[in-house]
Amino acid sequence: MQVAFYWYPKCGTCRKAKKWLDENHVTYEEVHIVENPPSRLMLEDLYKKSGLELKKFFNTSGQKYRELGLKDKIKDASEDELLDLLASDGMLIKRPLTTDGKQVTVGFKEEDFKKSWT
């Protein structure tokens, strides 16, 4: 599978990650995370492959996250409830979300990108 790069074009972190991918000649498919968010099934798969806590998939600094008061709800929610929430709105997902079907990175840390995408 080609690398899928779920991003939001107005997001500065996403633009930095995109620039890094371009500079390192990584071939990827851009996917607008709000217009074409990953499905619940795909999110569950990515979460399990990532080895990360499901909470790490949330865009905790986003307006939508604050509007919905998720900071408190997230502590007690079940895995299914959290996945349903993430799948309900691309703006709730931490971005960029990058995967080749085997590896997954959430957000942009250059060292993680180097490890996963070069």
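Student: By class, which residues make up the lining of the largest pocket?
Tutor: A pocket is an open set of points on a 1 Å grid over the protein atoms alone where a 1.4 Å probe fits, with protein on both sides within 12 Å along at least five of seven lines, and lining residues have an atom within 4 Å of a point. Here the lining has eight nonpolar, four polar (Gly among them) and six charged residues.

Student: What kind of model is this?
Tutor: Residues are numbered from 1 along each chain, and side-chain values use heavy atoms, without hydrogens or water. Local features need pLDDT of at least 70, side-chain atom pairs count only at 80 or more, and totals for chains, interfaces and linings use all residues, as the model is predicted.

Student: Which residues lie nearest the centre of the largest pocket?
Tutor: The lining of this pocket numbers 18 residues. Those nearest the centre are L52, K56, K94, V106 and K109.

Student: Which element gives the largest share of that lining?
Tutor: Two elements, β4 (104-106) and α6 (110-117), each give two or more residues to the lining. The largest share is three residues, and the element that gives them is β4.

Student: Is T105 buried or exposed?
Tutor: T105 is found in strand β4 (a DSSP run of E, at least two residues). Its relative accessible area is 6%. Under 20% counts as buried, so T105 is buried.

Student: Which residues line the second largest pocket?
Tutor: This pocket's lining divides into two nonpolar, five polar and two charged residues. They are C11, T13, N59, T60, S61, K94, R95, G107 and F108.

Conventions:
Helix = DSSP H or I, 4+ residues; strand = E, 2+ residues; numbered from the N terminus. Buried < 20%, exposed > 50% of the residue type's maximum accessible area, 1.4 Å probe, protein only.
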